[in-house]
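Good morning, colleagues. Please have the structure open as I speak.

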Amino acid sequence: TNFFAPYGVVPNFLLNNKVHCIPMVIEESSVVAASAKAAKFWLERGGFKAEVVSTTKVGQVHFIWNGNSEQLFNFFEESKAELIESISPLVINMNKRGGGLLSLEIKDCSDLEEGYYQLHGEFETCDAMGANFINSVLEAIGKKWQELVMTNLKFEQAQRDIQIVMCILSNYTPNCLVKAWVECDVSELEDAGLGMSAEDFAHKFSRAVRIARKDVNRAVTHNKGIFNGIDAVVLATGNDFRAIEACGHAYASRDGQYRSLSNCIIENGKFKFELEIPLALGTVGGLTSLHPMSKISLDMLGMPNAKELMMITAAIGLAQNFGAVRSLVTTGIQKGHMKMHLTNILAELKANVDEAKQIETYFSDKAISVSGVKDYLKKLRESVSPKSI
Ligand code: MEV
C-alpha cells in the first residue's frame, strides 16, 4: 500500500540568478510557508547563491588478516592492477559517463580491532547517488581480494587466512560537499526585524546562530530546521533522506562537538548567512526516475543534474533556517506555527467554510489554542438559530 504525505511547492526561489519552483514533501505545512516567505525576502536582495565544492564518495572492504602488515601492503600494491582489472565490466558504463573508481588504498586499522584492515575506495558516481554501483564494485573487489590472498604462495599458510567482514559504501560523504549563501548590506535588512532596526536584527540573528554553533541543545534544533527544508526536497525527488541526515549530523560533529551547520558573518556593513553541507544526491537511478511524483518534482526543477540538485537542496535548507531563526528572534516561532496549526484544528473540529472564516478573523490577533478554538466554535454554533443549521 502507500502512505500519502503532503506535497507543497515553493515559488519564486531565486538561486544563482535563476528562478525555481521547489517541490517539498513534508507533513509540517509551516515549513513550506516559511521557505516561501524566505524565498520572497531574498528574491528582492539578490537571491540565493550556491556552489558545489566536491563530489567524491567512499566505500570500504572491511577485513581481518593476521600477519606482517608490511608484507600485506606490498602484496596489495602488487595486486592492485589485477583487482582494478577484475571490476572493469562493472565500471565500464560509469567510466563512459566520466565516473568510476577514483582510487583504491589499503589501511591498517588494527589499532581499532585486532587484525582489522580496510580496502578504501573513492568513487565518482556522476548524476547517480551511486549506492548500488559502489556496493557492487566493493563486493567484487572483496571477492577478488579474498581469492588473491588465499592463493598467494608467498604467504605462509596461516597468512592466507582472511576474513572479509563486509563490503559497503560509507554514507559519510564530507567530500561530496555543497555551499549555499545569501548576502546583502546590513541596511537592506530594515524590514526583516519587524520593528527592530536593521543593525539590531542582523546582530540578534547572528548571535542566535553563534549560540547554535556552541550549545548542543540549540544546535540540534537549529539543524533540525535546516533538515526541514533539505529532507522535504530529498523526499520529493526520490532520494535517500536517511543517508543525507546521518551524514549531515556526522558532519556537524566533525571537530568533536555537534554544531550548527550554518554560519552568519557580519563584516564591513555586509550580512552573510551560509550553509556548508555534504549532500550525496542523485537525479538518475534509484526511485528518482521510477516514482511518478519524483519525476514530476525533477521536471518542476527543470531536470537538474546531481550538482544542480545539491545546490537547490542546500539553498532550501538555508532558506528554511533563515525563516526559522528570523521568527525566533522577532515574533517567536508559535505565531506562524499556530496560524498553520489553526487549519488542522478547524479540520479536526469539522468547522464549515463560514465558521472557518469567522474563526480565522477572530484569532488573527489572538493566541491560538485548541481549547480556545473549540470554545469559540461552540459559541458560534450556539448563536446560530436552529432553523439555519
Ligand atoms: C521546527 O520544525 C523547526 C524549528 O524549531 C527550527 C529552529 O528552532 O531553528 C523552528
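By a cavity I mean a set of grid points where a 1.4 Å probe fits but cannot get out, and its volume is the space filled by probe spheres set on those points. Please bear in mind that this is a predicted model.

How much space lies in the largest cavity? The figure is about 70 Å³.

Let us turn to the lining. Among the residues that line the largest cavity are Lys57, Met129, Ile134, Thr173 and Ala280; Leu169, Ser170 and Asn171 also belong to the lining, as do Ala243, Ile244 and Cys247. Sorted by class, the lining comprises seven nonpolar, three polar and one charged residues. Strand β7, residues 162–170, and helix α7, residues 241–252, each contribute at least two lining residues. Which element gives the most to this lining? That is α7, with three residues.

My second topic is the helix pair. Helix α5 spans residues 198–214 and helix α6 spans residues 216–236. The two pack at an angle of about 110°, and their axes lie 6 Å apart. Because angles of 65 to 115 degrees count as roughly perpendicular, α5 is roughly perpendicular to α6. The crossing of these two helices is left-handed.

As for the contact itself, α5 brings Val209, Ile211, Ala212 and Lys214, and these meet Val216, Arg218, Ala219 and His222 of α6. By class, that contact has five nonpolar, one polar and two charged residues.

Technical notes:
Residues are numbered from 1 along each chain as its sequence is written. This is a predicted model: local features need pLDDT of at least 70, side-chain atom pairs count only at pLDDT 80 or more; totals for chains, interfaces and linings use all residues. Side-chain values use heavy atoms; hydrogens and water are left out. Axes are lines fitted to C-alpha atoms, for helices over the stretch in contact, and angles run from 0 to 180 degrees between N-to-C directions. Helices (H or I, at least four residues) and strands (E, at least two) are DSSP runs, numbered from the N terminus. Angles under 35 degrees count as roughly parallel, over 145 as roughly antiparallel, 65 to 115 as roughly perpendicular and the rest as oblique. A crossing is left-handed if the near helix is turned anticlockwise from the far one by less than a right angle, and right-handed if clockwise. Contact means heavy atoms within 4.5 Å. Ala, Val, Leu, Ile, Met, Phe, Trp, Tyr, Cys and Pro count as nonpolar, Asp, Glu, Lys and Arg as charged, and the others, Gly among them, as polar. On a 1 Å grid over the protein atoms alone, a cavity is a set of points where a 1.4 Å probe fits but cannot get out, and a pocket is an open set with protein on both sides within 12 Å along at least five of seven lines; lining residues have an atom within 4 Å of a point.
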